[in-house]
Amino acid sequence: MTVLTPDIILIQALNGLASASSLFLVASGLSIIFGVTRVVNFAHGSFYMLGAYLGWSLTRHLASFGAFGFWGSVLGAALIVGGIGILVEMLVLRRLRRAPELYPLLATFGVVLIVQDAALAIWGPEDLLGPRAPGLTGFVSIFASRFPVYELFLIAVGPLLLGGLWLLFRRTRFGLLVRAATQDREMVAALGVDERRLFSNVFFLGAALAGLGGALQLPREAVNLNMDVSVVVEAFVVVVVGGLGSLVGAYVAAVLIGIIQAFGILFLPKVTLVLVFLVMGIVLAVRPFGLFGRSAASEGLRTVAQESVLRPLSTSSRILFALCVLLIGAMPLFAGGYAMGIVAELLILAVFAASLHFLMGLGGMASFGHAAFFGIGAYGAALALTALQWPIAACLLAAPLGAGLAGIFAGWLCVRLSGVYLAMLSLAVAQIAWATSFQWVEVTGGDNGILGVWPPPPFASRSGFLLLTLVLTAAALASLRIAAFSPFGYALRAARDAPRRAEASGIHVRATQWAAFAIAAAFAGVAGGLYALAKGSVFPTYLAISKSVDALIMVLLGGIGSLTGPIIGAFAFGGLEAELMASAPFWRAILGVVILALVIVAPSGITGVLGRQIGKRQKSAASA
Amino acid sequence: MTTLDRRGFLAGASMFASLGAPAILRAEDAIKIGEVNSYTAQPAFLKPYRQGWDLALEKVNAAGGVDGRKLETIFRDDGGKPEDAVRYAGDLIDAEKVDVLAGGFLSNIGLALADVANQRKRLYVASEPLTDALVWAKGNRYTFRLRPSTYMQAAMLVEEAAKLPARRWALVAPNYEYGQSANRWFKDLLKRAKPEVEFVAEQYPALGKMDVGATIQALEASKPEAIFNVTFGGDLTNFVRQGTTRGLFEGRSVVSMLTGEPEYVDPLGAEAPVGWIVTGYPYGDLDTPQHVAFRNAYKAKFAEMPKLGSVVGYETVNSIAAALAKAGSTDNEKLVSALEGLKLVTVFGPVEFRAIDHQSTMGAFVGKIALKDGLGVMSNWSYRDGAKYLPPDSEVRVLRPAG
């Protein structure tokens, strides 16, 4: 046990402040971009990583200029990244201005994939160690310990930057416009401000800040290909804990997280996996809009364009679905084992996506942590099968029950919030569940997972399992569809579109949303349980952020305005990824380009485009 | 979405493949190896691994293959996700009809592949996953491993650690199975070798997200006399740089897993931690005839020095080829029998795949980090034969319920 002496307290506090400054650089840019453009910029971590890589390259070229070369490189990297930010805004996000906020998020995820492979191609797979900062290489002695001068410099950068941004926003016209647009961007546009230029400038500023943050890491951290994702999630946490749109809040949150982290590992070294998310969960449970956040005005995260109305399937569509089910059901007669395995997996993903769609599309609640319930279902089924030796039917029942119970608890926490706050709280819940599955080795097997979760005969064969999956997934998808057109489904959509009017007409909005959360979780559990049997094993990765992101992509890609969307999205995304990974070395970049192309061409998803095509054809047929 | 059919993708994909990989010989009667690895997630180790693999394959095929049949490999990238590794293993067995499975870098993926191998009764030669569970707790009939396990490498380092005067040890390891079991074995074995030691601090930073300054301070606060390190990759680089600035390593011995592998010491350049006692691979100084031949061939083909991954890829192919030759068949039951007790001479020396637990006796090099031409290299190294760093057979039988 560590004894807290004054010198340890001081040094750990300084360590916390140094991490806080680094985090704040990234978070501030993220916060500004979100504030003005409402873009949840997943690619912000990529800007940070590019800043580090570009800084590394520039310092090598400018090494002969000494201190000037180093600091010039840091600034140069920030400016170049700012330029890249403008490019992303102009080429991609500008085209999505009218789409619901989640589509730009999908687009920025495409950018993440492309940047990952581009960095690998340009800078290679090895970690790159940058130079130390000229003039700041030494240390100062504090009590008996040494503390690097560069860390002291970083500690100063945070407040300096905060002050600089404060001046920029309070004393310049640009700042005035940014603040105005953060409050009401339609009004700013109506007053004749060139929205495009403002957005480009904001992206430049935000991206440059991230690039600066990355380049400033050079003297303390090796540049590597995983910097992007690890930083962007923490930056989101900081922004949300601080309160969206509040830079002071972001700084305070960064300090809070940095300090808690520094002291936390003195006492609970293994808590490092989840500490940040615990902090976020507690803060949001107590203060739903973050430490410095104000009302709900600035946190909207529209999931659906308001005008989208669900319609029951037409007769021809019903026939088409029936044919699909028949075709898949007949696969054992003509298809190979691999094809059947893939189709079973895609069916499972379709249920997973449809369950998220129930929450997001019908309930208007975007979740960044839906994989938690998928994973809990998978662990539930796996434990029931291997540890408890239950029969298969009981295992498949344990999955939705476990996930549903978790959903009741998580829903109780989450539905009190909305928009980005809800999404981030769901992420915190999911991360805590993930860390539990990782750390609770006696039950979950830790990261080595649970093995040998193979279904017993007659479902052990590919064809047997496919038929089992087909029956269960078709039933699940049909139930979700029936629920959508039940009174409950209408109430849920009313709660999404006009909560006050819904409340006035006797719908208990909160309770409806809570129930929807639990139902969505239970269906994700169905998918998770089947997935465990399909894979024969369960791992903490089933609850990881990347799985939640996969679900989001499937829903958005398919089109959120239709119940068929998530099914088509699951088949398109899952099939595409499987096909690409099997054969292409730069599959991530290709996938990123496909996502970008689809989002730009079809911002309403695949079903949106199909719907429009069918609509056109019907119109032309009518006029002919 | 109708444009996204399989053929179109394969055409585009093969264009990409031809940029990065040599054309694969498509002999009708070739023996097929299905290889699943985390190429995009762990490129630093797996690029040299793939090159070593290709070199061995070329050599085996140039010598006429095995029993007149060429060896062919079908590679799959699991992106670091065990669930995708499982899917590709199924694909390779069902659609590609591979005779043997190989690969795996992360331990959990190795275990997932081993479980598929057991389920489908297909030989799986694991090359890199270090977890002890792969051959012990969750070992099975169809799974073999080439690399020295976490236990073996910890045991090699304990031998050196016990010679040090230090009694107060602090440990730092990434927070997942590999890090935790490395720490557990190190403590266990060192306590047995030298009962007076005590362990004053243990730090478990999240893999790839080490909060370096705070972790170093937490170690410093426990006033250790020596440090056992298991971090690697980016965490290690940051740990070394900040630890040096903060004086953590001054007057203290550091014993460190894998740090002598060029994959992990090269990025440190001239800041490599001189004096650390490490396991690794002295690629520049190992002058046995087998290694010199391998190094020259590798340099000639790829214009760079081999890394440890290169050796692992190279010898995995050689092990499979040797097993195929010994079995005289691709029948997996015969291959398992052939691999049990299979002896071959690797670039590190003679190696045997033990019948008792399917672990090979390939060893590792233990030495001290020194600087040479601005790069960290191993000095005063010696080869530790893996056979000497495994528990007695009676213990192994307890550790491996599968038999």
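**Contacts within and between the chains**

Reply: In this predicted model, chain A is divided into two parts: domain 1, covering 6-268 + 276-294, and domain 2, covering 321-620. Taken over C-alpha atoms, the centres of domain 1 and domain 2 of chain A are separated by 32 Å. Where these domains of chain A meet, 29 residues of domain 1 are in contact with 27 residues of domain 2.

On the domain 1 side of this contact in chain A, the elements that give two or more residues are α4 (102-123), α9 (227-242) and α11 (275-286). By class, the side of domain 1 of chain A that touches domain 2 has 24 nonpolar residues, together with three polar and two charged ones.

Chain A also meets chain B: 69 residues of chain B are in contact with 63 residues of chain A. On the chain B side, both helices and strands give two or more residues. The helices of chain B are α1 (6-20), α2 (43-62), α3 (82-94), α4 (107-120), α7 (212-221) and α8 (233-245), and the strands of chain B are β2 (71-77) and β7 (198-203). Of these elements, α3(B) provides the largest share, nine residues. By class, the side of chain B that touches chain A has 26 nonpolar, 23 polar and 20 charged residues.

Key. Residues are numbered from 1 along each chain as its sequence is written. Chains are lettered from A and ligands numbered from 1 in the order in which they are written. This is a predicted model: local features need pLDDT of at least 70, side-chain atom pairs count only at pLDDT 80 or more; totals for chains, interfaces and linings use all residues. Domain bounds come from an automatic or database domain assignment. Two residues are in contact if their C-beta atoms, placed from the backbone, lie within 7 Å. Helices (H or I, at least four residues) and strands (E, at least two) are DSSP runs, numbered from the N terminus. Ala, Val, Leu, Ile, Met, Phe, Trp, Tyr, Cys and Pro count as nonpolar, Asp, Glu, Lys and Arg as charged, and the others, Gly among them, as polar.
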